Amino acid sequence: MRTAEATGCPVDRAAAVLVCPSCRVPLDGSYTCARCGAGGHRVGDQLRFAGFGDAELRDDPLNRIKESVKRRFGPVYPLAIQLVSPVLLRRFIRPFLASFDLDRDLVADLGSGTNRYDPRVLCVDGGTYANVDIVGDLRTLPIGDGALAGIVSVAVLEHVPDPQAHIREMWRVLRPGGRVLCYVPFMQPFHASPYDYQRYTEAGMRTLFSRFDVLNVRIGAGPTSAMLWTFQEWLALLLSFGSRRLYRVLAPLMWLLSPIKFLDVLLARHPNATVAASGFVIEARKPAEARPE
């Protein structure tokens, strides 16, 4: 396996490990597969292979609003979400990234959205946001086997119809001993991005990553966040009197109650908080001796 360069923008660093997402033949400088002719193209510092179509992103009415806000505010959007959303998501990501030598280790954020936790992290997403380095399908990454030292995946697996396909791809692109940090919700209302399919308990998270060595599963967002988000949705439903249009106006306004989420600083530490947590974060490692599927 070729190794990533230690300098340059993330796409340049990843150039040595790029493969065709269809047949996994190493790609040349033109980003075109010599075997099947598939490939991507580069736009500035962004490499585009596939991604969401406009119809997918605009299918859900509330997601249309969210997409407009994401594209208008770009990197400010994640900060705004931290401040006004009903979920208090603990900051597990930065300590995880600090455990790597990001000048040498290639770490990817799969499903990054408009986030960029560090300029050295490779941002991969289905949307063509300005911060994204590789636009593509997370089930068929244009990244070679064993190329990544680490993976971050935050609030992604609930939005895909086949999470196991994504986890198999994480396994493939992680090197032996590589680690993944993944946050998935448990008790949260429906939220399309662009779709929304499932939720997971603590035991469900361990089962999802059963092929890996599970290092720990922790509460990523606590019971207050779970209660608050549900209560906000309930209020919007109650006060909209059956009107979808009024509901769409009221739902974002209910986020004015979001400061209540900070009670999770205490409540998430309760020994039984897992029974009503808003979400879990798992850290898992690919064994040095890979297990068969």
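## Cys23 and the cysteine sulfurs

Cys23 is partly exposed, at 24% relative accessibility; that class lies between buried, under 20% relative accessible area, and exposed, over 50%, with a 1.4 Å probe and protein chains only. Cys123, in contrast, is buried, with a relative accessible area of 1%.

This is a predicted model, in which local features need pLDDT of at least 70 and side-chain atom pairs count only at pLDDT 80 or more, while totals for chains, interfaces and linings use all residues. Residues are numbered from 1 along each chain as its sequence is written, and side-chain values use heavy atoms, with hydrogens and water left out.

How far is the sulfur of Cys23 from the closest cysteine sulfur? That closest sulfur belongs to Cys33 and lies 3.3 Å away, which is too far for a bond. A disulfide is a covalent bond between the sulfur atoms of two cysteines; here the term is applied to a pair of cysteine sulfur atoms within 2.5 Å. By this rule the count of disulfides is zero.

## The chain overall

The protein chain holds 10 helices and nine strands. These elements are DSSP runs numbered from the N terminus, with helices being H or I over at least four residues and strands being E over at least two. Of the 293 residues in the protein chain, 51% are buried.

Contacts, meaning heavy atoms within 4.5 Å, can be sorted by sequence separation. Among those in the protein chain between residues at least 6 apart in sequence, 71% join residues at least 24 apart. The protein chain exposes about 14,100 Å², and carbon and sulfur atoms supply 58% of this area; accessible areas come from the Shrake-Rupley method with a 1.4 Å probe, and for residues only the protein chains shown count as cover.

## Backbone details worth a look

Two residues other than glycine have a positive phi. Arg24 has a phi of about 65° and sits in the loop between helix 1 (10-14) and strand 1 (41-43). Arg24 is partly exposed, with a relative accessible area of 41%. For Ala155, phi is near 55°; this residue belongs to the loop between strand 6 (148-154) and helix 6 (163-173). Ala155 is also partly exposed, at 28% relative accessible area.

The peptide bond from Ser193 to Pro194 is cis, with omega near -5°. Pro194 is placed in the loop between strand 7 (174-185) and helix 7 (202-208).

## His191 and its contacts

His191 is found in the loop between strand 7 and helix 7, and counts as buried at 15% relative accessibility. Which residues does His191 touch, not counting those up to four places away in sequence? They are Glu158, His159, Pro185, Asp196, Arg199 and Trp229.

The side chains of His191 and Arg199 are joined by a polar contact of 3.4 Å. A polar contact is a pair of N or O atoms within 3.5 Å; within protein, one must be able to donate a hydrogen and the other to accept it, and residues adjacent in sequence count only if both atoms are side-chain atoms.

## Asp109, buried without a salt bridge

Asp109 is in strand 3. Asp109 is buried yet has no salt bridge, a term for a side-chain nitrogen of Lys or Arg within 4 Å of a carboxyl oxygen of Asp or Glu. The nearest side chain of opposite charge, Arg116, is 8.3 Å away; Lys and Arg count as positive and Asp and Glu as negative, with His and the chain ends not counted. Leaving out residues up to four places away in sequence, Asp109 touches Asn115, Tyr117, Val121, Leu122, Cys123, Val124 and Val152.
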